Amino acid sequence: MISARSRGLMAAKMLMKGTAARMGVMKRVSLVFKAKANRALDKMEDPRETLDYSYQRQLELLTKVRRGVADVATSRKRVELQMNQLQQQSNKLEDQARKALGMGREDLARGALERKSSAQGQLNDLQAQYAQLQGEEEKLTVASQRLQSKVDAFRTRKETIKATYTAAEAQTRINEAFTGISEEMGDVGMAIQRAEDKTAQMQARAGAIDELMASGALDDAVGGSNRDDIQNELDMMSASSDVESELSRLKGEITASAPKQLEGGANGSSQEAQSAQAPQGQAQPASIPAADRPAEPQDGEG
Amino acid sequence: MIVRISGEGQFSIDDAATAELNRLDSELEAAVNRNDEAAFTAALRGLLDQVRAQGSPLPSDTLEPSDLILPPEDASMDEVREMLTEEGLIPG
C-alpha cells in the first residue's frame, strides 16, 4: 500500500516538475499512465482483491474492444454501401451523357457529366473515409488480440500470486502485474475512444450523405435544377425518337406491301404500270397451257 | 528500456539508442510548446520511426510497464496535450 501510494505521489510530483522543467513528452505520458494505475491500486484494501477486481475490469474491456471492432465494421459497411450507390449514380450519369451526345444534345451531356463529377467527388471522399475506418478496424482487432494475451497472462500470474504468497509478500508482484496490465488497458481504452470518435464523425457524415441522396440533392448538386431532369429530357427525346422510328418502320411496311394491297384499285401512274405488268405475268402461266393445248391433239394422235 | 507506441504495442530498446530518442523527444515537446503542428508531425514521425527501427517488439503476453510512452502516429497536437494531463485522453 505504502509503496503504491508513494509511487503515485512520486509520479504526480514528477509530472508537475515535468511541466515546469522539461522532461519530454514520452516520459510525461508514461507518468500519466503510472499515476492512474497507482491511484487505482491505492483504492484497494487487500492487494489480492486488486487482482480479482482488475481481472473483472479486463474482461469488461475485452468485451468493449470487441464491440468496438464490430461497431467500426458496421460503419465501414455502411460507407461501402454508399460508395456502391454513388458509383451506380456516377455510371448512370455517364450513360445519360453518352445517350445525350448520341442524340446531338451536348448541353444535356455536359450537365450529366457535371453531376457525375460531383458524385465522383463524394465518392473519393468516402474512399478516404473507408480507408480510415479499415485502419481503425485493423488497429482495434490487433489491440483486442494483444489485450486477450495480456489478460490470459494476467490470469495465470494472478492465480500463482494468490496460491504462493501472503498478502504482504504479494504486494510487489501484484503492483508489477497491475501496472503492466493497467497501462495496456489505458492504451486500449484510448484506442477505443479514438475509434468511437472517428466512427461517430463518419456516421454523422454518412447520415448526411444518405439524406442528400434521398432528397436528390446530390443529383443536381451542380445543375441546380429538378431531380433527374436530364433523365426526363432524355426519356422525352428517346420517346419522341421511338415515335419517329415507329413511324418510319410503319412507313417502310406500307411501302413494302403497297403493290399487293393497291393492285385492284390502282390510281397512280406507277401503280398502273405495276398493275399493267401484273396481268402480263399472270397471263403467262395461262398462255403456257394454251401453247400446250395444240400439242394435246398431237399426243392423242400419236 | 521499454517504449510503448500508443495503439501499436511495446518495444524493447537498447539504452544506447535513447540519446537520439531524447533529442527527437525534445523537438516534439518544443513543437507542442511553440504550437507548431508541422514540426510536431515531423518530430512524432521521426520518433516513431526510430523506435520501430531500433526496437524489437515485446511478446504480447508480457505484463511489463513501459519506461516511455509515445502518442499514436495519427495523433494531433491537441490530443498529445490531453495525454499529458491526468484528466485527459487516457481512461482509468
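1. Buried area is the accessible area (1.4 Å probe) that two parts lose on being put together, summed over both. In this predicted model, chain B and chain A bury about 3600 Å² between them, and 56% of that is on carbon and sulfur atoms.

2. Some ground rules before we go on. Residues are numbered from 1 along each chain as its sequence is written, and chains are lettered from A in the order in which they are written. Local features need pLDDT of at least 70, side-chain atom pairs count only at pLDDT 80 or more, totals for chains, interfaces and linings use all residues, and side-chain values use heavy atoms, with hydrogens and water left out.

3. Who touches whom? Counting contact as heavy atoms within 4.5 Å, 41 residues of chain B meet 38 residues of chain A.

4. Now the charges. Eight salt bridges (a side-chain nitrogen of Lys or Arg within 4 Å of a carboxyl oxygen of Asp or Glu) turn up across the interface of chain B and chain A. Have a look at A:Glu183 and B:Arg4, whose side chains form a salt bridge at 2.5 Å, N to O.

5. Which element supplies the largest share of the side of chain B that touches chain A? That's α1(B), with seven residues; helices here are DSSP runs (H or I, at least four residues), numbered from the N terminus.

6. By class, this side of chain B has 20 nonpolar, eleven polar and ten charged residues. Ala, Val, Leu, Ile, Met, Phe, Trp, Tyr, Cys and Pro count as nonpolar, Asp, Glu, Lys and Arg as charged, and the others, Gly among them, as polar.

Note on methods. Helices (H or I, at least four residues) and strands (E, at least two) are DSSP runs, numbered from the N terminus.
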